[in-house]
Amino acid sequence: AAWSSGDADAPARFFHPDAVLEDIEGGRHEGWTTIRKFFADGLVRFPDLVLIPERFWTNDTGVALTWTMSATVTGDAFGPQHRGKRWSSPGMSYIEFDGDKVRLEVDYHTRSQIMKSLGV
């Protein structure tokens, strides 16, 4: 829900200050401040970004989950004909916890799925 809130600060309470977010497409982000900037920059492009979790697998140190991410195209990055269209992209995350805070999140997805969902 925090990732889907449109508020760059919403996930903060779930993350350890020294957490690492490794986004396969977006790179490695160390520390909450850097993770927040990465998330906030994405919200500028896609202010209605939604991430819907689907399936979960747990172990003693964390969780893996599949999800679908979607948003509305607000600019011309995919061509002006796609402005206003909603894209979707499946993905998967692996998350490790330190107590009740996320210490590591690794997100697996590909930008090509966004293009595919738009018919590009």
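User: How much accessible surface does the protein chain have, and what share of that surface belongs to carbon and sulfur atoms?

Analyst: In this predicted model, the accessible surface of the protein chain comes to about 6900 Å². Turning from surface to interior, 39% of the 120 residues count as buried, a label that requires under 20% relative accessible area. As for the share asked about, the part of the accessible surface that belongs to carbon and sulfur atoms is 56%.

User: In what order do the helices and strands of the protein chain run from the N terminus on?

Analyst: The protein chain holds two helices and six strands. Read from the N terminus on, these elements follow the order β-β-α-β-β-β-β-α.

User: Why can the protein chain be called as compact as a globular protein of that length?

Analyst: For 120 residues the globule rule gives 14 Å, and the protein chain comes close to that value, so it is as compact as a globular protein of that length. Its C-alpha trace spans about 45 × 25 × 20 Å along the principal axes. The radius of gyration on which the comparison rests is 15 Å.

User: Which residue in strand 6 is the bridge partner of Leu 21?

Analyst: Strand 1, residues 15-23, pairs with strand 6, residues 101-108, in the parallel sense over five bridges. Strand 1 is also joined by four bridges to strand 2, residues 27-30, and those two strands run antiparallel, forming a hairpin with three residues between them. On the strand 6 side, the bridge partner of Leu 21 is Glu 105.

Conventions:
Residues are numbered from 1 along each chain as its sequence is written. This is a predicted model: local features need pLDDT of at least 70, side-chain atom pairs count only at pLDDT 80 or more; totals for chains, interfaces and linings use all residues. Side-chain values use heavy atoms; hydrogens and water are left out. The radius of gyration is taken over C-alpha atoms; the globule rule is 2.2 Å times the number of residues to the power 0.38. Buried means under 20% relative accessible area, exposed over 50%, partly exposed in between (1.4 Å probe, protein chains only). Accessible areas come from the Shrake-Rupley method with a 1.4 Å probe; for residues, only the protein chains shown count as cover. Two strands pair if DSSP finds at least two bridges between them.
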